[in-house]
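Let us walk through this structure step by step. Keep the model in view while reading.

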Amino acid sequence: MAQLTSRHFKNLYKHILWVGKDYPGGIAAVRESAKKQFFANAGEKYPQKLEELSSRTQYIIRELEAMVKFHKYRAMKKRYNPGDVEEGFTKRIAYLVESK
C-alpha cells in the first residue's frame with residue numbers, strides 16, 4: 001500500500017475538475033459536489049480509510065468520463081441521424097403492438 005499524501009488527493013481533485021468541464025450538468029455542479037465530499041473527509045488519518053477514499057474517487061472519475069463520452073456520443077448521433085432515435089422507437093412500438 002503506497003503512502004497517500006495530500007498531493008495525491010489534490011491531483012485527484014484536479015482530475016475531477018478537468019473531467020467535469022465537459023460534464024452535461026456543468027462544471028459548477030461537479031465542483032460543488034467534489035468540494036463538499038473532499039472537505040467532509042479532510043480530517044481522515046487512517047491509511048485504510050484513505051485508500052478506500054482514493055479508490056472511490058478514482059471510480060467516480062471513471063464514471064464521469066464514461067458519462068461525458070456517452071453524452072458526446074448521443075449528441076453526435078442526434079446531429080447526424082436526427083430522426084433515427086424517434087423512428088427506431090416508433091418502429092419498436094409498432095412491432096410490439098403487431099406481435100400481440
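Predicted model: local features only at pLDDT ≥ 70, side-chain atom pairs only at ≥ 80, totals over all residues.

A crossing of two helices is right-handed if the near helix is turned clockwise from the far one by less than a right angle, and left-handed if it is turned anticlockwise. With that in hand, take the first helix pair. H1 passes H2 in a right-handed crossing.

Now step back to the whole chain. The protein has four helices and zero strands. Along the sequence the pattern reads α-α-α-α. Of the 100 residues, 16% are buried. Among contacts with a separation of 6 or more, 64% are between residues 24 or more positions apart.

Return to H1 and H2. Helix H1 covers residues 6-20, and helix H2 covers residues 27-40. Two packed helices are described by the angle between their axes and the distance between the axes. Here the axes of H1 and H2 come within 9 Å and cross at roughly 160 degrees. Angles over 145 degrees count as roughly antiparallel, so H1 and H2 are roughly antiparallel to each other.

Which residues meet across this contact? From H1 come Phe9, Leu12, Tyr13, Ile16, Leu17 and Gly20. From H2 come Ile27, Val30, Arg31, Ala34, Lys35 and Phe38. By class, the contact divides into nine nonpolar, one polar and two charged residues.

A pair of aromatic rings is described by the distance of the centres and the angle of the planes. The structure holds one aromatic pair. Tyr13 and Phe38 form this pair, with 5.2 Å from centre to centre and 75 degrees between the planes. Planes over 60 degrees apart count as edge-to-face, and the pair of Tyr13 and Phe38 is therefore edge-to-face. Tyr13 sits in H1 and Phe38 in H2, 25 residues apart, and the pair links distant parts of the chain.

The cut-off for buried is under 20%.

Lys10 also lies in H1. The C-alpha atoms of Lys10 and Phe38 are separated by 9.5 Å, although the two residues are 28 apart along the chain. Lys10 is exposed, because its relative accessible area is 54% and the cut-off for exposed is over 50%.

Now turn to the other partner of H1 described here. Helix H3 covers residues 47-80. The axes of H1 and H3 come within 10 Å and cross at roughly 15 degrees. Angles under 35 degrees count as roughly parallel, so H1 and H3 are roughly parallel to each other. H1 passes H3 in a left-handed crossing.

On the H1 side, the contact with H3 is made by His8, Phe9, Leu12, His15, Ile16 and Val19. On the H3 side stand Leu50, Leu53, Ser54, Thr57, Gln58, Ile61, Leu64, Glu65 and Val68. These residues divide into nine nonpolar, five polar and one charged.

Where does Ser54 lie, and what does it touch? Ser54 lies in H3. Leaving out residues up to four places away in sequence, Ser54 touches Leu4, His8, Phe9 and Leu12. Ser54 has a relative accessible area of 3% and is therefore buried.

Conventions
Residues numbered from 1 in each chain as written. Heavy atoms only, no water. Phe/Tyr/Trp six-rings, centres within 6.5 Å; stacked < 30°, edge-to-face > 60°. Helix = DSSP H or I, 4+ residues; strand = E, 2+ residues; numbered from the N terminus. Axes fitted to C-alpha atoms, helices over the stretch in contact; angles between N-to-C directions. Parallel < 35°, antiparallel > 145°, perpendicular 65-115°, else oblique. Contact = heavy atoms within 4.5 Å. Nonpolar A, V, L, I, M, F, W, Y, C, P; charged D, E, K, R; others polar. Buried < 20%, exposed > 50% of the residue type's maximum accessible area, 1.4 Å probe, protein only.
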